Each structure stands twice: as structure tokens, then as C-alpha cells.
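Trainee: I would like to learn how to read backbone angles and ring contacts in a structure. Could we go through them one at a time?

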Amino acid sequence: MSSRIKSPQQLLAESGADLEGHGLRRTMGLFQLVCFGVGAIVGTGIFVGLSGSVAEAGPAVVLSFVLAAITCVFTAFSFAELGGAIPVSGSSYSFAYASLGERAAFLVGWCLLLEYGVSVSAVAVGWSQYVDELLESLTGLRLPAALTAGPAEGGVVNLPAVIVIALAAGLLVRGVRESARATAAMALLKIGILLVFCAVGFSAFRAGHLSPFAGHGVAGITAGASVAFFSYIGFDAITTAGEEVRNPRRNVPLAILICIGIVTLLYGAVALSAIGALGADAVAGQPAALSLVVDRVTGSSTGGGIIAFGAVVAIASVVLAVMYGQTRILLSMSRDGLVPRVFERVSPRSATPVANTWIVAAVFAVPAAFAPLDVVVDLTTIGTLAVMAVVNLAVIVLRRRHPGLKRSFRVPLFPLSPLLGIGFCLYLMAGTGWTTWVQFAVFLAVGALLYAVYGRRHSRLAVTAPGDGAARAPRGA
């Protein structure tokens, strides 16, 4: 592990601390931040990915969502403490830099690139499916197969997926205020539509559809939780807004905890109502399961069209929020010299990293347009879980090294809570299978090589402190 450690004080000073920093403007309040978090989380995971979790766990998928949520809650506590203590754009990357050192921070950033990149690309592909569903509901027509799937699925290019990424990038470069307003409106709309879905599903609820409840046993629940965890990816994006939130020490921790609570209740209700209405076998393996449930319960395609519209809005908001998070992490890494400087340039007119945003959009659009993403979903999950384990560890390390650091929120039951967070992360990682672990090891090796070739040589911390030992953070606040 690299001995180059950037202290929390350095991170705060370089970002502008609680002031305006590096051209970024503090425009988001608590409500907008909560909507931003919901916008980042609720999307493909529930509208498209529910069927995958049901296929693994059956009716016990509700417990899978709870298990995934428990993992998130412990980690959310850690994110809340660190997000309040170090409210900067780097999120997990910056937390790792302040606790475990530069090499670990670079690998965390590398994993986040995978998490956000695959997440955005997969979400964009899901958006394409629901756009097609909505178009058929409204007009009876479907888009040409060649333009709605990549070569691996028998098409040529997934054009709607590229379009939604381009639209999100265009909105992001206009300004954070505009993006936050759009995300808030979309978040409220999709919550409303999911509540309507629950009402429809529970109107046809049959208790017999929940039996046998856990036919696949504990292994099925665990496997379902590993798949369901993908549905929670995104709540960590809240901490990437640390430099653009008013009163971040209060609002960042609150937003994280509120979002996890809302999303867990929503996911559990949606899963229970869907299975109760049709049964697990009917829901499993259906890419547009929610539309299917509403169509069959109501006997009309109109309800399914409304769900498809909600999915189009929901998934677009995820693309917007997650792309935002990725650009801010790259901005922080660029400040530190670990990635090229183009990613840290902020437009004085819009106060956004314009070039950064368009580069991210271009990179994410390629796999969305052409590549099959199902083969790397497990790799994304294990990488995300590894990052969350690091965040839990960072809380423990920073409590020891910087006991006097100003913390607006403290993890309850310390150190048990972060230790449980680490344990749950490792437990779900184990459920991804040995082939995923091999892929992850190769992925980390590539990241370590990139750090050695570029990051370590261009690190600004190395320039300011030529001796690695001199870069160590002092103990205390």
C-alpha cells in the first residue's frame, strides 16, 4: 500500500472546504440532494433487474432486498460520517486517499469507473427496452430491431441508449442547478408511478403465490441479494456532490440515510406486490416485468404503457445522476494528477466540467451501443462491494488517525457497525462465484499497472512531497 496519504485537511483545503471550490457552485439543498440520490438509485434495478433477483430467490426475493439493504445501511452509515466530515467531490476515492493511501485510492477510483460505467451503460440499454415498450403502447409500432440492440443481440447499434446518454450529458454541462431540478422532478414522478404499481399489484394479491416462499433456500436468498445489490448502486453518488451542496456537513449524511430508507421500502413493496399478483415463475426472466404485471392485472395495455413511461423517466434520471457522479470523481482524481488534467477543467460560465462530461458520455456510449453487458454485471457488483468495504475500513482508520476531525454524523455502535458493513460486503462478494473473483483480480491488476505507469509518476502529492514518508498525514485533527 502506498505511503502517500492526503490528510482530510488537505482535501478540504484543496476543494474549498465549506466555501465555493474550484469553480463549482453550492446550489443543491437537502430536498434536491435526496431526489438526486433517489434518481441515482431507482431505475433499471427495479424496472428491469427485478426479474433476475426473483429468478434466483423466488418469493423470498423480499428477503434478498432486505439483505442487500442491510449491507447498504451499514455502509451508508460510513458514507454519512465520511461525507459529513470530508464533503468533497471525490467520494469513496477521497475517503480512501485520506485513510489508506494513494495506490488504494487509485484502485477505488478504478473500481468506481467500472461501477458507474457499466451502471450507466446497462441503465441506458434498459431505457432502450422501455422506450420500445412505450412506443408500442402509444402507437402500436416498434423501433427497428437493428437500432435497439448491439451486434451480440442480433442488432447493429442500440441507438436509444446512445441518445439518452447524450441527452444526460447535454443537461449536465448546462449547470448543476438545472440538472438537480430535472432529477428532482423525475424522482418524484417515478416514485409516484411505483406507488401506483404497488396499488395495482396488491389489488390482485394472492397469498398462494408466495408458496413455497424460499424454495431455493438460503443460497437462493444470498444469490438473489447479490443480484439485488445492483439495484442499490448509486446511493454513494450523493457524496460526489459534496462541493455543490449547501451545508454539506448536515445535508450529505441526512440525504444518504433518507434515500436508503425510501428505496428499501419501495423495493420491498414492489417485489411483494409483483409476486403476489402473478407468482414468482411469471415474473422471473421478464425484462419488462412491471409492465407485464399491470397488463395482466388490468387486462389492458394502457397500464403497462404508464409503467413504461415511468421506467423511461426513472432510467433517464439514473443515467443523469450516475454520470454526474463519475465526472466529479474524475475531477478529483485529475486534481491529484492521477488522471489527465482535462478532467479537472471547469467552465467559468456553467461551473461544470464540460470536457470531462462529454468524454465520459462518449466512453459510456460505446458499450451501451454495441456490447453485451450481462457478462460484467457480477464484476460490477463485486467491484462496488469492494469499494464499500474500503469505505467502512476508512471510517475505522480515520477515527484512529484523526479523532478530532469535525464530524457532523458519527457511525452508531462504532466499531461494530463498520465491521459488520465489511463482513456483509465480503459475504455478498463470496456469492458472486470464483469466476467473478478471477475477473476482479485481473481488473485490479490492470488498475495497479495503470497507477504504476501513469498515476504514481504524475501524482501532485509526490511533487509537493518528494519523499513518500513526508506525505504522511499527521495524527490528530
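**Backbone and rings**

Mentor: In this predicted model, alanine 351 is buried, with a relative accessible area of 4%.

Trainee: Where does alanine 351 lie, between which helices?

Mentor: Alanine 351 is placed in the loop between helix H14 (301-335) and helix H15 (354-370).

Trainee: Is the peptide bond from phenylalanine 414 to proline 415 cis or trans?

Mentor: That bond is cis, with omega near 0°, and proline 415 lies in the loop between helix H16 (377-401) and helix H17 (416-430). Phenylalanine 414 also has arginine 399 over the face of its ring, at 4.1 Å from the ring centre.

Trainee: How should I read the pair of tryptophan 110 and phenylalanine 443, and how many aromatic pairs are there?

Mentor: The count comes to 8 aromatic pairs. Planes under 30 degrees apart count as stacked, and tryptophan 110 and phenylalanine 443 form a stacked pair, 4.8 Å centre to centre with 15° between the planes. Tryptophan 110 lies in helix H7 (residues 102-139) and phenylalanine 443 in helix H18 (residues 434-458), so the pair ties together parts that are 333 residues apart in sequence. Both tryptophan 110 and phenylalanine 443 are buried.

Terms used:
Residues are numbered from 1 along each chain as its sequence is written. This is a predicted model: local features need pLDDT of at least 70, side-chain atom pairs count only at pLDDT 80 or more; totals for chains, interfaces and linings use all residues. Side-chain values use heavy atoms; hydrogens and water are left out. Rings of Phe, Tyr and Trp (its six-membered ring) pair if their centres lie within 6.5 Å; planes under 30 degrees apart count as stacked, over 60 as edge-to-face and the rest as tilted. Helices (H or I, at least four residues) and strands (E, at least two) are DSSP runs, numbered from the N terminus. Buried means under 20% relative accessible area, exposed over 50%, partly exposed in between (1.4 Å probe, protein chains only). A charge sits over a ring if NZ of Lys or CZ of Arg is within 6 Å of the ring centre and within 35 degrees of the ring normal.
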